[in-house]
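Here is a short report on one protein model. Look at the structure first, then read on.

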Amino acid sequence: MSFTYEEVTKQPLSWELTIQETLIFWNTFKESINLTEHTQFIFIGSGSSFYLSQTAAALFQEITGLTSRAVPASEIFLASSSVLNTHVPTIAFVISRSGKTSEILSAAQYLQKNYRNVQVVGLTCRSSERLTKIVTNAIALDHADEQSVVMTQSFTNMLLALQVVATQIEQREDKLRELKQLPEILSTKLKDFEEFGRVLATKPERDYFVFLGLGKYYGLANEANLKLKEMTQVASDAYNPLEFRHGPISTLTPRSCVVMLNGNEGYSYLSEVAVDVATFGALVVDLSPTEGQRICTATHSLVVDDRLSDWSRTILYMPALQLFAYHKAIALGLDPDKPRNLTQVVVISGT
Ligand code: F1P
């Protein structure tokens, strides 16, 4: 069995541990976090950690009402004036599975040295690495670390940790109770998720995949795209669904497949985009919250969960998309543990 498969399928257990551990970490340093009604949140990462930042920012803003944004780590020290505000109290979550990606370490150090209005919180899966040494406060989820090059359980676990933090900041015990149901829901659904991914992966005539996600699903669409590219090098892209209609839809052919991450928001608009996609001959696939919200032109579907709110359900989409990329690699005779041209950690000497 591959590391990748093992790490994807052990997410029910690792999510359970993440909820427990995050509450413990947060309680040890929450008093030192200065929250005001003007606070803004910045989520910083590279690769998968940047894409989880995009979804985390959307989820944070939704629940706190405070401005939240995601920034690629390099832009913190290479384009700081275009991404940072010196006047507003800011909490920056600096996110890295390995805790030693060059840009992440540079970003954390740069913020601490140059921005007195910014409080830095580290989030990693390796407590022994440099990130936890250079920041005052960190959440370390060692149980969610990986041997694989590509990030799977570390992605969802770090995202879940940020959701747990958001529930604590806003004192939303209702949402924390929902998050606590996720491990059990995933455990009962994992077989269906795998079947969805396996069947989609074995449609050999498809040579181009597009992932569409709105709002909090946009980061997930980007991550699904990255997973497929990393594990298979198959051509793929990710877009906001309505933006896709403004030009990129011209790339579709009858050999394309469009995967829609469908939530309750914007459902009717997404359905209209799907009608156009089907008209141009591409296969429409959807992941939808409930049976009643399925995209009607979709010929391959996954009903993700009908119990939770959109906010809490978000990360449930990811294991199905990870299993799709995994099975696509297997179908193409590739080893998902050995993605082409990639290393587990990117170290750039210029930083
Ligand atoms: C993670 C990352 C991965 C990518 C590649 C290089 O960095 O960018 O997303 O798949 O393996 O590293 P980090 O989260 O460890 O900083």
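## A covered strand

Strand β6 spans residues 208–213 and is mostly covered: six of its six residues are buried. Keep in mind that this is a predicted model.

In a regular strand the side chains alternate between the two faces of the sheet. Which residues of β6 lie on each side? Tyr208, Val210 and Leu212 are on one side, and Phe209, Phe211 and Gly213 are on the other. Both faces of β6 are covered, with all of these residues buried.

## The sheet around β6

Five strands form an open sheet. Their order is β7-β6-β8-β9-β10, and the pairing is parallel. β7 and β10 (300–303) stand at the edges. Each has a single partner strand, so one side of each is left without a neighbour in the sheet. On average, neighbouring strands of this sheet are turned by 15 degrees against each other, direction ignored.

Now go through the pairs. β6 runs parallel to strand β7 (residues 235–239), and five bridges join them. Here Leu212 has Tyr239 of β7 as its bridge partner. β6 also pairs in the parallel sense with strand β8 (residues 256–261), this time over six bridges. In that pair, Val259 of β8 is the bridge partner of Phe211. Further along, strand β9 (residues 283–288) and β10 pair in the parallel sense over four bridges.

Helix α12 (residues 267–279) lies across β6, β8 and β9. Its direction is at about 175 degrees to β8.

## The nonpolar cores

The largest nonpolar core has 79 residues. Which of them touch the most other members? They are Phe43, Phe60, Phe93, Leu162, Phe211, Val259 and Leu287. There is also a second, separate core of 22 residues, which includes Ile76, Val83, Tyr115 and Leu131.

Go back to Phe211 in β6. Leaving out residues up to four places away in sequence, Phe211 touches Ala221, Ala224, Asn225 and Leu228, among others. Its contacts also include Ser236, Asp237, Ala238 and Tyr239. Val259, Leu321 and Phe324 are on the list too.

## Aromatic rings

A pair of aromatic rings is described by the distance of the centres and the angle of the planes. The structure holds twelve aromatic pairs. Take Tyr217 and Tyr317: their ring centres are 5.0 Å apart and their planes are at 55 degrees, so the pair is tilted. Tyr217 lies in helix α10 and Tyr317 in helix α14, so the pair ties together parts that are 100 residues apart in sequence.

Are these two tyrosines buried or exposed? Tyr217 is buried, with a relative accessible area of 2%. Tyr317 is buried as well, at 0%. Elsewhere, Phe41, Phe43, Phe60 and Phe93 form one aromatic cluster.

## Two residues with positive phi

Most residues other than glycine have a negative phi. Gln233 is not a glycine, yet its phi is positive, about 60 degrees. Gln233 is found in the loop between α10 and β7. It is partly exposed, with a relative accessible area of 31%.

Asn341 is not a glycine either, and it has a positive phi of about 65 degrees. Asn341 sits in the segment after α14 (317–331). It is exposed, with a relative accessible area of 74%.

Definitions and conventions
Residues are numbered from 1 along each chain as its sequence is written. This is a predicted model: local features need pLDDT of at least 70, side-chain atom pairs count only at pLDDT 80 or more; totals for chains, interfaces and linings use all residues. Side-chain values use heavy atoms; hydrogens and water are left out. Buried means under 20% relative accessible area, exposed over 50%, partly exposed in between (1.4 Å probe, protein chains only). Two strands pair if DSSP finds at least two bridges between them. A nonpolar core is a set of buried Ala, Val, Leu, Ile, Met, Phe, Trp, Tyr and Cys residues joined through side-chain atoms within 4.5 Å. Contact means heavy atoms within 4.5 Å. Rings of Phe, Tyr and Trp (its six-membered ring) pair if their centres lie within 6.5 Å; planes under 30 degrees apart count as stacked, over 60 as edge-to-face and the rest as tilted. Axes are lines fitted to C-alpha atoms, for helices over the stretch in contact, and angles run from 0 to 180 degrees between N-to-C directions.
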